[in-house]
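The sequence and the structure are shown first.

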Amino acid sequence: MRLQLDNGKSYELNAMFKPAKVGQAEAWGTFRNNLAAWPKGLIIPFEATKRTLRGLVNWLIVFTLHSFSLLMLPLLSLFGYSMKAYTLFTREDQEKMEQYREDLRLVYKKLADISDQEEYQRKLSEEIAKIKPY
């Protein structure tokens with residue numbers, strides 16, 4: 001079941017309770033990251049420009065289930081599990097993205113001296129295709 005809040009974000013409720021094996025360190029890291037983000041979840045209803053009763057009810061449901069799911073994470077992390085909703089963007093993915101950004105900087109620097117716009121776009125597309133992490 002997916003619920004959408006007034007700020008446009010949608011949340012998959014089933015994923016908050018579907019275990020995913022990620023290893024102890026990664027599971028503990030996802031717990032710490034989501035625990036740090038928990039206070040930000042409190043202000044979501046006040047951030048939206050257009051507030052609706054349905055959005056408020058959806059936020060109450062999502063926030064309550066998210067809080068309950070967070071309470072389960074420390075125990076699960078002992079066994080190397082986390083919830084699927086919290087492991088969509090893992091540390092490994094983050095490292096790939098950082099490497100991709102660094103590679104992009106090098107590509108832009110390498111192609112900076114090309115003055116012809118068409119040639120620049122063509123070479124840029126070729127280089128990006130070589131370094132894409134996904």
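## Basis and confidence

This is a predicted model, in which local features need pLDDT of at least 70, side-chain atom pairs count only at pLDDT 80 or more, and totals for chains, interfaces and linings use all residues. Residues are numbered from 1 along each chain as its sequence is written, and side-chain values use heavy atoms, with hydrogens and water left out.

The pLDDT is the predictor's confidence in each residue, on a scale from 0 to 100. Its average over the protein chain is 87, and 93% of the residues score at least 70. Confidence is highest in H3, at 93, and lowest in H4, at a mean of 82. Helices such as these (H or I, at least four residues) are DSSP runs, as are strands (E, at least two), and they are numbered from the N terminus.

## A nonpolar patch on the surface

A nonpolar patch on the surface is formed by Leu35, Trp38, Leu42, Ile43 and Phe46, which together have about 470 Å² of accessible area. Patches are made of residues with over 30% relative accessible area and no salt bridge; like charges are joined within 9 Å, and nonpolar side chains (Val, Leu, Ile, Met, Phe, Trp, Tyr) within 5 Å. Accessible areas come from the Shrake-Rupley method with a 1.4 Å probe, and for residues only the protein chains shown count as cover.

Helix H1, residues 24–42, gives the most to this patch, with 3 residues. Trp38 has its place in helix H1. Its relative accessible area is 31%, so Trp38 is partly exposed. On this scale, buried means under 20% relative accessible area, exposed means over 50%, and partly exposed lies in between (1.4 Å probe, protein chains only).

## Two single residues

Thr49 belongs to the loop between helix H2 (44–47) and helix H3 (53–78). Thr49 counts as exposed because its relative accessibility is 84%. Computed along the sequence would be one view of distance; space gives another. Thr49 and Asp6 are 43 residues apart in sequence, and their C-alpha atoms are 8.0 Å apart in space.

Is Ser69, by contrast, buried or exposed? Ser69 counts as buried, because its relative accessibility is 0%. Ser69 has its place in helix H3. A polar atom of the Ser69 side chain lies 2.6 Å from the backbone oxygen of Met16. The side chains of Ser69 and Tyr86 are joined by a polar contact of 3.1 Å. A polar contact is a pair of N or O atoms within 3.5 Å; within protein, one must be able to donate a hydrogen and the other to accept it, and residues adjacent in sequence count only if both atoms are side-chain atoms. With neighbours within four places in sequence left aside, Ser69 is in contact (heavy atoms within 4.5 Å) with Met16, Phe17, Met83 and Tyr86.

## Salt bridges

Side chains of opposite charge can pair when their charged atoms come close. A salt bridge is a side-chain nitrogen of Lys or Arg within 4 Å of a carboxyl oxygen of Asp or Glu. The whole structure holds 6 salt bridges, including those in the table.

| Salt bridge | N to O distance |
|---|---|
| Arg105 and Glu102 | 2.6 Å |
| Glu127 and Lys110 | 3.4 Å |
| Glu126 and Arg122 | 3.1 Å |

Arg105 and Glu102 both lie in helix H4 (residues 91–110), 3 residues apart, which is about one turn of the helix. Arg105 is exposed, with a relative accessible area of 51%, and Glu102 is partly exposed at 35% relative accessibility.

Glu126 and Arg122 are 4 residues apart in helix H5, so about one helical turn separates them. Glu126 counts as partly exposed at 39% relative accessibility, and Arg122 counts as partly exposed at 45%.

Glu127 is buried, because its relative accessible area is 14%, whereas Lys110 counts as exposed at 52% relative accessibility. Not counting residues up to four places away in sequence, Glu127 touches Val107, Lys110 and Leu111. A network of salt bridges links Lys110, Glu127 and Lys130.
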